Amino acid sequence: MTKIEPIHRKNVTTANQGSGAHPPEIAPIDDDEIDLVELFRTLWRGKWWIAGSMAAAIFVAAYWAFFIAVPVYSTTAFVTLENRQGQVVDFENVVSGLSGDQTSINTEVEVLKSRELAKKLVVELDLVNDPEFNPDLRDDPGFSIGKVKDFVRGLIVAQDEPAPETPDQTIEEVTTNVLKAFDVSNLRNTYVFAIKATTEDPAKSKLIADTLADLYILNQLDVKFEATQRATGWLSERVASLQIELETAEAKAKEFNAGTELISPEAFEALNRQAKDTRERLKATSDRVEEISARIAQLEAAAASGDRQNMAQVASNPTLTQSLARVEAGTMPADLFDTQFQQLIQNETVARARAQSQTEGLTQSLTNIETQIDRQSKDLVTLQQLTREAEAARSIYEYFLGRLKETSVQQGIQQADSRVLSMAVLPTIPSAPKKTRVLALAGILGLMLGAGLVLMREFLNNTFRTSQQLEQSTGVTVMGQIPSLPAKQRKDVIQYLREKPTSAAAEAIRNLRTSVALSNVDQPPQVIMLTSSIPGEGKTTLSLALAQSFACLNKRVLLIEGDLRRLVFAEYFSAEDYKRGLIAVLAGDAGLSDVVRHIPEVGVDVLLGEKFEANVADLFSSERFAQLMTEARSQYDVVIIDTPPVLVVPDARTIAQHVDALLFAVHWDSTDQSQVAEGLRMLESVNFRPSGLVLSQIDMKGMKRYGYGGQYGAYAQYGRKYYTN
């Protein structure tokens, strides 16, 4: 008996020996980088999906554009901003023009888009009675998306019966719809506003655009007129109050002036000069008193000394000097000189008293003058303050009175800050839907959707479609690629292979036979086992076809039905009279030659299975099964065993101990990659590795649909000349 030898491939881990070996996992495809060429190939393989998606999108768009969509008409009126207009009367605080900066331009755009202006448009054109803007006036469509939304909303949230709309609510709803019907924009680097209206009627679009432009200009005039009126009213009230304040201030100044002794500021200045003169005279008199007092003191000191010569010198009086000379000459008595000197002291004393009297008089006079100056100074300050208040009140009054007159003149002569540059033109062709653009966009969207679906399908695909993909993922050689046989029933499979020996399926089986036979040139495999990961992957059909192919080489072939739980061989050929089989041989009730049945349709001997209630895996683990394999090897050139799926029961792993080659079938575009990985792992867990994989039940049309039809294997387009299907 020859154990299965692992197939050595580059970068592929071979089977590990020993019970503790860990089987290799399926190697994921390196997706760190995006392969643009492969991406393009994927899209090219799904070109018919993409083309179909584009065609469907274009068809839907064309149906909508030509049969469903309501054509609408757009037209534009232009309004320009007059940022340099002159005023008839320059009163900028009331009726000033716009500055023309970007902020002002943006503000005017928002004014044109304002709800209040749209509401004036609704009232002006009576759009409340227009079904296009008032949904209540439209005919019942029977079915609409809006009704579906309302129905779903009613199911989710319990709602009371809506109350009927009031006229104001209707106007607000219509205004909302009208706001959607026009658009306002500012032409770049200009003071021009474009008012674009779009409705179902060309005349209505023109009317809305022109009316909105007129209403915008009238709105500017109304704003200025209202501002002028408000300013006039406010100024009138202010002028009246200022007049009262002016009269009150003047009355206070006049009343205060009448109640004071002050004649005028000039008289107050003369009084100040008089006080100054009095101060100067008082100072001179005071100096005179001090001077006389000093002389009297000198004279009295000289008299006290008794020296007549000193007395005459201090007195500096010519009379006393002459008298002193006569006294010294003896012509005049000395007492007479002393009397004259005392008379001089008395005269000076009298002069001092007179000067002191003058000083006291001047002091009293200065006190009176200063008191009068202090009192009149305060009165003058108060009078000047009252006078200034009256003058200020007069200035303010005259200013506001002049502004009131200017504002009154402004009424009725305001100019708008904008003017209509050009009226809207009556449109002749619809602006929407733009059918060509709709179809182009639909085609692009269909292209994107189709490409997305193709890429998503490729991304979500977790099966195997090509042998390269299967080999790259598992690391095991793919020995065969078997197309799906065109047989409605299993019994038709043998007939098809016998009648169509040159078909693609027959050639694919022969290719598989060749690959298996040459897998070990020195010792070609004699016992071949076929299994899969899950049921329905075509291993039984593959076993019959491979057995028939080996029989065509004039080899003695034994086909053993190892799947004792299903027993499907009877569905391929008649076996009603076949009572004993594999169980009888293993039980010792019959020999191999006794129960083997030759099938002429296939050209091989078949050892059918039988129902077995006990554990089948234990049966295949018995020594009797090993003896059966030895006997089969001695009597037949090729022994093919059809076994159950690996993931379902352990039978296949038990039988694998007695075979030379193990073929693992994978259903094309059906078996999940994780199932294949788990099946291989189950085999590797007992140190067995498939000799090769077989991609079975390949759908040729499906391969063409995926774009692989012209590239791979027996189902390739270039093989049509060689096959008779």
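A salt bridge here is a side-chain nitrogen of Lys or Arg within 4 Å of a carboxyl oxygen of Asp or Glu. The model shown in every view is predicted.

**Figure 1. R115, K119 and E172 form a salt-bridge network.** Salt bridges link these three residues. The count for the structure comes to 24 salt bridges.

**Figure 2. The chain as a whole.** The chain has 725 residues, and 41% of them count as buried. It is built with 23 helices and twelve strands. Of the contacts between residues at least 6 apart in sequence, 80% join residues at least 24 apart.

**Figure 3. K539 has salt bridges to D563 and to D642.** The side chains of D563 and K539 meet at 3.7 Å, N to O. D563 lies in the loop between β7 (557-561) and α17 (582-587), and K539 lies in helix α16, so this pair ties together parts 24 residues apart in sequence. Both ends are buried: D563 has a relative accessible area of 5%, and K539 is at 5% relative accessibility. The salt bridge of K539 and D642 spans 3.3 Å, N to O. D642 sits in strand β10 (residues 638-642) and K539 in helix α16, so the pair ties together parts 103 residues apart in sequence. D642 is buried too, at 1% relative accessibility.

**Figure 4. S543 is a buried residue of α16.** S543 is in helix α16 (residues 539-551). Its relative accessibility is 0%. Leaving aside residues up to four places away in sequence, S543 touches L530, L559, I640 and D642. One of these contacts, D642, is also a salt-bridge partner of K539.

**Figure 5. D637 and R556 join two loops.** Their side chains meet in a salt bridge of 3.5 Å, N to O. D637 lies in the loop between α20 (623-635) and β10, while R556 lies in the loop between α16 and β7, so the pair ties together parts 81 residues apart in sequence. Both residues are partly exposed: D637 at 31% relative accessibility and R556 at 46%.

**Figure 6. Helix α3 has its buried residues on one side.** In α3 (residues 102-112), the buried residues are S104, I105, E108, V109 and L112. They cover an arc of only 145° around the axis, which puts them on the same side of α3. These buried residues pack against β1 (73-81), α4 (115-125), β2 (182-186), β3 (192-199) and α7 (202-258).

**Figure 7. A nonpolar surface patch includes I68, Y63 and F67.** The patch covers about 590 Å² and is made by Y63, W64, F66, F67 and I68. I68 is found in helix α2 (residues 47-68). I68 is partly exposed, with a relative accessible area of 46%.

**Figure 8. Aromatic pairs.** The structure holds five aromatic pairs. Y63 and F67 form a tilted pair, 5.6 Å centre to centre with 35° between the planes. These two residues are four apart in helix α2, about one helical turn. Y63 is partly exposed, with a relative accessible area of 45%; F67 is exposed, at 65%. The rings of F620 and F625 have centres 5.0 Å apart and planes at 75°, so the pair is edge-to-face. Both are buried: F620 has a relative accessible area of 0%, and F625 has 1%. Ring pairs also link W234, Y399 and F400 into a cluster.

Conventions. Residues are numbered from 1 along each chain as its sequence is written. This is a predicted model: local features need pLDDT of at least 70, side-chain atom pairs count only at pLDDT 80 or more; totals for chains, interfaces and linings use all residues. Side-chain values use heavy atoms; hydrogens and water are left out. Buried means under 20% relative accessible area, exposed over 50%, partly exposed in between (1.4 Å probe, protein chains only). The arc is that of the directions from the helix axis to the C-beta atoms. Contact means heavy atoms within 4.5 Å. Patches are made of residues with over 30% relative accessible area and no salt bridge: like charges are joined within 9 Å, nonpolar side chains (Val, Leu, Ile, Met, Phe, Trp, Tyr) within 5 Å. Accessible areas come from the Shrake-Rupley method with a 1.4 Å probe; for residues, only the protein chains shown count as cover. Rings of Phe, Tyr and Trp (its six-membered ring) pair if their centres lie within 6.5 Å; planes under 30 degrees apart count as stacked, over 60 as edge-to-face and the rest as tilted.
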